[in-house]
Amino acid sequence: MSQDVAPQVIVVMPAYNAARTLVRTYSDIPAEVVHHVILVDDVSRDDTVAVAKLLNIQVVVHRQNLGYGGNQKTCYDTALAEGADVVVMLHPDYQYDATRIPELIAPIVAGEADMMLGSRFLGDPLAGGMPRWKYAANRFLTSVQNRAYGLALSEYHTGFRAYSRKVLETIDYHANSDDFVFDQELVGQVVRAGFRIGEVAVPTRYFAEASSVNFRRSTVYGLSTLRSLLQHRSAARSTPVAPRHGTAAGER
C-alpha cells in the first residue's frame, strides 16, 4: 500500500437491534483516520436505522434477515464499491473499544499484515466481564485453530477486525455461511491464500445492552467452528496452502 497517499479506511457495522448502543459506538470511531462509516441493518426490530440516519451514517437495509454472515457479505460488498483500501468490521454493540482503530489498521497500512484481529485475550477479558464459560470455550477453540492453521494467535473470535482490500477481493467470502461461523470460515480462506494475520490488544466491555450469544447458540457456533477446521483441512489437501509472506505484526 502506497505511503504517499492516505488509504481510504471504511468502517462497516453489521447491525441487528443496535439502537441503544450505536451512538456510543459511533462516537468512539476516530474521524482522523476513518473516512466513511457504513451500517448494514438486518431487519432490526428497534430504531437502529433511524438512529444511524440521525448520525449521518450510510445505511443499507436488508429486506429480509440474512443472518450475521449474510450481513457481513453486504458490508464488504458495499465498502469495496465505495472504494475502501482498508475495511474495519466493528460490532455496533459498544463491546469493543473503537478508539483502537488506528492501532488495528496500522500494520495493514504499513504493508506488514493483510488481516488484523482486535484480541480481547492480549489483555484480561475476565476483568472486562467476559463470562467464564465463554472464556474457556474461546481458549479451547483458539488452541485447536492455532494447531490447524500453524499460527500462534491469542484469539480468532473477535467482532473487531480489519482487512486489506486485496484480501476481500481475493477470497470468495460469498461462499461462506450466513450464520455466525462466517468469521471462522473467512479466517480459513485467508490462511489458505497465504495472507498475513496479525493482532492487537483491545479492551472490551460486557454489559446488559451489549449483544451476547446465549449458551445454546454458542454451542452451535463452537461445533460449526470445529467443522470449519475439517473443511479447511480438506480444502488445504486439494489446494495446497499458499506460502505466507513473512510474519505479521502481533504474531507470537
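User: Two strands pair if DSSP finds at least two bridges between them. Going by that, which residue in β4 does Ile 10 stand opposite?

Analyst: Val 87 is the one in β4 facing Ile 10. Keep in mind that this is a predicted model.

User: And how many bridges join β1 to β4?

Analyst: Four, with β1 and β4 running parallel.

User: What's the strand order in the sheet?

Analyst: The order is β3-β2-β1-β4-β6-β5-β7, an open sheet of seven strands with mixed pairing. The edges are β3 (58-61) and β7 (197-201); each has a single partner strand, so one side of each lacks a neighbour in the sheet. On average, neighbouring strands are turned by 20° against each other, direction ignored.

User: Which strands does α3 touch when it packs on the sheet?

Analyst: β1, β2, β3, β4 and β6, and the direction of α3 makes about 155° with that of β1. α7 packs on the sheet too, touching β4, β5, β6 and β7, with its direction at about 35° to that of β6.

User: Back to β6. Is this strand largely enclosed or open, and why?

Analyst: Enclosed: five of the five residues of β6 (residues 160-164) are buried, so the rest of the structure largely surrounds this strand. In a regular strand, side chains alternate between the two faces of the sheet. Here Phe 160, Ala 162 and Ser 164 point one way, while Arg 161 and Tyr 163 point the other, and all are buried.

User: How do β4 and β6 run, and how many bridges join them?

Analyst: β4 (residues 86-90) and β6 run antiparallel, joined by five bridges. One of the pairs is Val 86 with Ser 164 in β6.

User: What about β5 and β6, in which sense do they pair?

Analyst: Antiparallel, over three bridges, with β5 covering residues 115-119. Met 116 has Ala 162 in β6 as its bridge partner.

User: Switching to helices. At what angle do α3 and α7 pack?

Analyst: About 55°, with the axes of α3 (residues 67-81) and α7 (residues 182-192) 9 Å apart. That makes α3 oblique to α7.

User: Which residues meet there?

Analyst: From α3, Tyr 68, Gly 69, Gln 72, Lys 73 and Tyr 76; from α7, Phe 182, Asp 183 and Leu 186. By class, this contact of α3 with α7 has four nonpolar, two polar and two charged residues.

User: How many residues of α7 are buried?

Analyst: 10 of its 11. Asp 183, Gln 184 and Glu 185 are among the buried ones. After α7 comes Gly 194, with a positive phi near 85°.

User: Which residues have the most contacts inside the largest nonpolar core?

Analyst: Val 12, Tyr 76, Met 115, Tyr 173, Leu 186, Val 190 and Ile 197, in a core of 32 residues. α3, β4 and α7 are among the elements that each supply at least two residues of this core. There's also a second, separate core of 31 residues, including Val 11, Val 88, Ile 108 and Val 200.

User: What is Tyr 76 in contact with, leaving aside neighbours within four places in sequence?

Analyst: Val 12, Val 87, Met 89, Tyr 163, Leu 168, Tyr 173, Phe 182 and Leu 186.

User: Last one: where is Arg 227 found?

Analyst: In helix α8 (residues 215-238). Arg 227 has 46% relative accessibility, so it counts as partly exposed. Its C-alpha atom is 13 Å from that of Val 187, which is 40 residues away along the chain.

Conventions. Residues are numbered from 1 along each chain as its sequence is written. This is a predicted model: local features need pLDDT of at least 70, side-chain atom pairs count only at pLDDT 80 or more; totals for chains, interfaces and linings use all residues. Side-chain values use heavy atoms; hydrogens and water are left out. Axes are lines fitted to C-alpha atoms, for helices over the stretch in contact, and angles run from 0 to 180 degrees between N-to-C directions. Angles under 35 degrees count as roughly parallel, over 145 as roughly antiparallel, 65 to 115 as roughly perpendicular and the rest as oblique. Contact means heavy atoms within 4.5 Å. Ala, Val, Leu, Ile, Met, Phe, Trp, Tyr, Cys and Pro count as nonpolar, Asp, Glu, Lys and Arg as charged, and the others, Gly among them, as polar. Buried means under 20% relative accessible area, exposed over 50%, partly exposed in between (1.4 Å probe, protein chains only). A nonpolar core is a set of buried Ala, Val, Leu, Ile, Met, Phe, Trp, Tyr and Cys residues joined through side-chain atoms within 4.5 Å.
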